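Reader: I would like a close look at a single part of this model, and then its setting in the chain. Please keep it brisk.

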Amino acid sequence: MKKISTESLISNRASLLETKRVVVKIGSSLLADFTDGINLSRISSIAEQVHFLKQRGIECILVSSGAVAVGAVKIGLKQRPDSLSMLQASAAVGQCKLMRYYSEAFSKYNITIGQMLLTRDGLDIRERYLNAKNTLNALLESGCVPIINENDTVMVEEIQFGDNDQLSSMVAAMSGADCLVILSDIDGLHEKPPVEGDSPVISCVDSIDKRILAMAGGAENTMSKGGMSSKLDAAARATSNGIKVVIAKGSEDEII
């Protein structure tokens, strides 16, 4: 990995100020836990931050995980379901509750949200892809905040995105976003996986090569499916389309 100069780092971060459309991916671990099922204060904070960005003329698209986790807790499960049928049942219960919480949080700022549920096979078919793109643009033109998730209730293993990291990179490309922000329970890519002990966060990655991929660990949180490897895959897809990517700790105040 080539060493990033201070001047390059400052330039890269300054370029984020030019963002006019951003996709924010929100991981399950930020929204749900085994006790309460949903972190309402986190959803409230996200709504407040998006409101702030909209006031600055920045369009925001949310790709939100959490439906399966919220639903699983609601029906009494202690971890992510293993069977496809129970996974889909948890999604069915959790999706409506999650959107209700988002709607209530954004209503405080007179912001209307719009839900979009996507599937991989839908985006692989050009006509459906264009329909999804047009719907997304119409929501943004109407001043709404699109909230996107995979349609877990109808997915099968062969056609699923696998996690919302991949979905967020596809949405960023489809929407012509300037930046993709992936919010997780860690503060970025470390030189070593967190389970191996403390190590510095890499401030800027200029290319995702074998060395960078080797730094990624697996998903440790039982509510989540993705891990750093998944986030790096999503970053590679997004940056290949000229989209800037930030991986950040979603629990930090005003992180977006």
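Reader: Which residues does Lys 249 touch, not counting residues up to four places away in sequence?

Author: Lys 249 touches Ser 184, Asp 185, Ile 186, Asp 187 and Ile 255, with residues up to four places away in sequence left out. Bear in mind that this is a predicted model. Lys 249 lies in strand 6, which covers residues 244-249. In sequence, Lys 249 and Leu 183 are 66 residues apart. In space, their C-alpha atoms are 5.6 Å apart.

Now the setting. The protein chain holds 10 helices and 6 strands. Of its 256 residues, 47% are buried. Among contacts with a separation of 6 or more, 72% link residues 24 or more positions apart. The chain exposes about 12600 Å². Carbon and sulfur atoms supply 47% of that area.

Next, the interior. In soluble globular proteins, nonpolar side chains tend to be buried together. The largest nonpolar core here has 32 residues. Leu 62, Tyr 102 and Phe 106 touch the most other members. Several elements each supply at least two residues of this core, including strand 1 (21-26), helix 3 (40-55), strand 2 (59-64), helix 5 (84-107) and strand 5 (179-184). Helix 5 gives the largest share, 6 residues. Take Tyr 102 as an example. Leaving aside neighbours within four places in sequence, Tyr 102 is in contact with Ile 26, Leu 31, Ile 43, Ile 46, Leu 62, Ser 64, Ile 113 and Ile 147. There is also a second, separate core of 28 residues. Ile 61, Leu 167, Ala 172 and Ile 247 are among its members.

Helix 4 is largely enclosed by the rest of the structure, because 7 of its 8 residues are buried. Those buried in helix 4 are Ala 67, Val 68, Ala 69, Val 70, Gly 71, Ala 72 and Val 73. Their cover includes helix 5 and strand 4. Just after helix 4, Gly 76 takes a positive phi of about 95 degrees.

Finally, helix packing. Two packed helices are described by the angle between their axes and the distance between the axes. Helix 8 (residues 164-175) packs with helix 10 (residues 228-239) at an angle of about 10 degrees, and their axes are 8 Å apart. So helix 8 is roughly parallel to helix 10. On the helix 8 side, the contact uses Asp 165, Gln 166, Ser 169 and Met 170. Helix 10 brings Ser 230, Lys 231, Asp 233, Ala 234, Arg 237 and Ala 238. The residues of this contact divide into 3 nonpolar, 3 polar and 4 charged.

Helix 8 also packs with helix 7 (residues 126-141). Here the angle is about 75 degrees and the axes are 10 Å apart. That makes helix 7 roughly perpendicular to helix 8. Tyr 129, Ala 132, Lys 133 and Leu 136 of helix 7 meet Val 171, Met 174 and Ser 175 of helix 8. The residues of the contact of helix 7 with helix 8 divide into 5 nonpolar, 1 polar and 1 charged.

Notes:
Residues are numbered from 1 along each chain as its sequence is written. This is a predicted model: local features need pLDDT of at least 70, side-chain atom pairs count only at pLDDT 80 or more; totals for chains, interfaces and linings use all residues. Side-chain values use heavy atoms; hydrogens and water are left out. A nonpolar core is a set of buried Ala, Val, Leu, Ile, Met, Phe, Trp, Tyr and Cys residues joined through side-chain atoms within 4.5 Å. Buried means under 20% relative accessible area, exposed over 50%, partly exposed in between (1.4 Å probe, protein chains only). Helices (H or I, at least four residues) and strands (E, at least two) are DSSP runs, numbered from the N terminus. Contact means heavy atoms within 4.5 Å. Axes are lines fitted to C-alpha atoms, for helices over the stretch in contact, and angles run from 0 to 180 degrees between N-to-C directions. Angles under 35 degrees count as roughly parallel, over 145 as roughly antiparallel, 65 to 115 as roughly perpendicular and the rest as oblique. Ala, Val, Leu, Ile, Met, Phe, Trp, Tyr, Cys and Pro count as nonpolar, Asp, Glu, Lys and Arg as charged, and the others, Gly among them, as polar. Accessible areas come from the Shrake-Rupley method with a 1.4 Å probe; for residues, only the protein chains shown count as cover.
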